[in-house]
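Student: Could we go through this model together and set its values against the definitions behind them?
Tutor: Gladly, let's begin.

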Amino acid sequence: MLTLVNSPSKFGIIQSGNSKVIVCLIENFNSEIFSELYSYFLIHIKDRIKKYLGTNISKVALVTEHPNKIVNLQSLFLQYIPEKGIFDINGNCGNAMIAATIFYNLKMNGNRLAYYSVINMNTNKKHIISINRKSGHTLETEISFEQPQGSITKTLLPTGNLVDIVTVNERNYKVSIVDAGNPYVFIDKEQLLLSESLFRSVDLPLSREYELIRKEAQNLIKINADSVFPKFSIISQSKEANSINARMISVADWHKSFALTGLVCLSTAAMIRGTVVNQNVKLVDDKNLFVNTINRKKIEIKRLNRNIFTSSLSITQTVIIKEELSCM
């Protein structure tokens with residue numbers, strides 16, 4: 001039973017990477033039950049923030065202290081789907097976890113350099129978030145994903161296969177469906193008949209075919225049809241070792257860079273011999289992986305150990321404190 005009707009809340013917008021996140025800090029919320037925090041959101045918060053939600057801001061993170069002190073914080077991620085007017089609470093979001101932690105630190109710790117352990121309540125996965133440097137409203141952070149495998153489907157390879165064949169419009173496509181950080185469906189650009197220049201173009205149009213492939217993968221792993229998961233990613237070979245070119249569709253459009261949970265999934269898939277990702281990357285060792293994105297960034301995913309089934313990975317991220325919200 002939800003009893004904390006008058007629990008005080010603070011609201012703000014934090015930009016983590018390319019994602020703007022509405023963060024709600026709920027003080028003295030002493031439950032660690034997912035459904036109670038989500039119910040609290042629906043009753044006391046949803047209507048207060050809906051005017052800020054849309055295509056430019058579609059991520060929400062609730063953050064509270066962890067009642068049992070096993071970790072510092074717990075955070076619930078909500079992905080708003082503008083075209084449907086609903087929230088997806090299936091998966092995780094690294095940028096939302098960072099934003100929630102930064103806002104908590106700002107309000108409760110004076111924004112000092114700090115180190116937090118955070119549980120994502122959606123997936124029950126643990127993150128270590130470090131605030132390393134700051135300059136004004138800009139911060140440099142690092143997030144470590146501890147054992148991210150099986151975030152939603154509870155298994156690394158949800159279909160049990162390294163490669164699945166999905167059929168769309170009487171055409172067969174080879175894909176790999178991997179769940180680490182969040183579930184993703186990966187496909188080689190050659191399967192989509194994309195040239196390298198078109199694959200890299202920021203103006204590559206969204207194709208209905210991409211969504212149909214994603215939906216077929218969604219059916220295979222039995223995720224709710226309204227969910228944004230699995231995410232869809234196209235990959236291609238890089239000339240450099242331990243490096244891969246990749247792009248992904250976020251909510252309703254191409255991601256400007258690549259989602260943090262997606263980088264975790266991509267990096268994990270690269271280590272699994274036989275997946276579509278593994279077939280497109282030249283691994284000369286089992287150290288760090290570099291991902292080249294369509295905004296010409298080269299992102300490093302640091303491996304904290306070598307076993308893909310227990311692996312933890314770390315990524316550096318830039319964060320900007322945007323503004324405090326008045327949600328009365």
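Student: Where is P230 found?
Tutor: P230 sits in the loop between α4 and β12. Helices here are DSSP runs of H or I with at least four residues, strands are runs of E with at least two, and both are numbered from the N terminus. This is a predicted model, in which local features need pLDDT of at least 70 and side-chain atom pairs count only at pLDDT 80 or more, while totals for chains, interfaces and linings use all residues. Residues are numbered from 1 along each chain as its sequence is written, and side-chain values use heavy atoms, with hydrogens and water left out.

Student: What makes the peptide bond from F229 to P230 cis?
Tutor: Its omega is near 0 degrees.

Student: How many helices and strands does the protein chain have?
Tutor: The protein chain has five helices and 16 strands.

Student: What is the phi of N242, and what is that of R296?
Tutor: N242 is not a glycine, yet its phi is positive, at about 55 degrees. R296 is also a residue other than glycine, and its positive phi is near 65 degrees. N242 lies in the loop between β12 and β13, and R296 in the loop between β14 (289-292) and β15 (298-303).

Student: Why is T318 called partly exposed?
Tutor: Its relative accessibility is 31%, so T318 counts as partly exposed. T318 belongs to strand β16 (residues 312-325).

Student: Which residues is T318 in contact with, leaving aside neighbours within four places in sequence?
Tutor: Contact means heavy atoms within 4.5 Å. By that rule T318 touches Q15, S16, G17, T138, L139 and E140.

Student: What makes α5 largely enclosed by the rest of the structure?
Tutor: 12 of the 12 residues of α5 are buried, so the helix is largely enclosed. Among them are L260, C265 and M271.

Student: How do you know that the reach of α5 is close to the expected span?
Tutor: The expected span is 1.5 Å times one less than the number of residues. Helix α5 (residues 260-271) has 12 residues and reaches 17 Å from its first C-alpha to its last, close to the expected 16 Å. Helix α4 (residues 208-221), with 14 residues, reaches 20 Å, close to the 20 Å expected.

Student: Which residues of α4 are buried, and what do they pack against?
Tutor: The buried residues of α4 are E209, Y210, I213, R214, A217, Q218 and I221. They pack against β9 (164-168), β10 (171-180), β11 (182-188), β12 (231-237) and β13 (243-249). An α-helix has 3.6 residues a turn, so residues three or four places apart point the same way.

How values were computed:
Buried means under 20% relative accessible area, exposed over 50%, partly exposed in between (1.4 Å probe, protein chains only).
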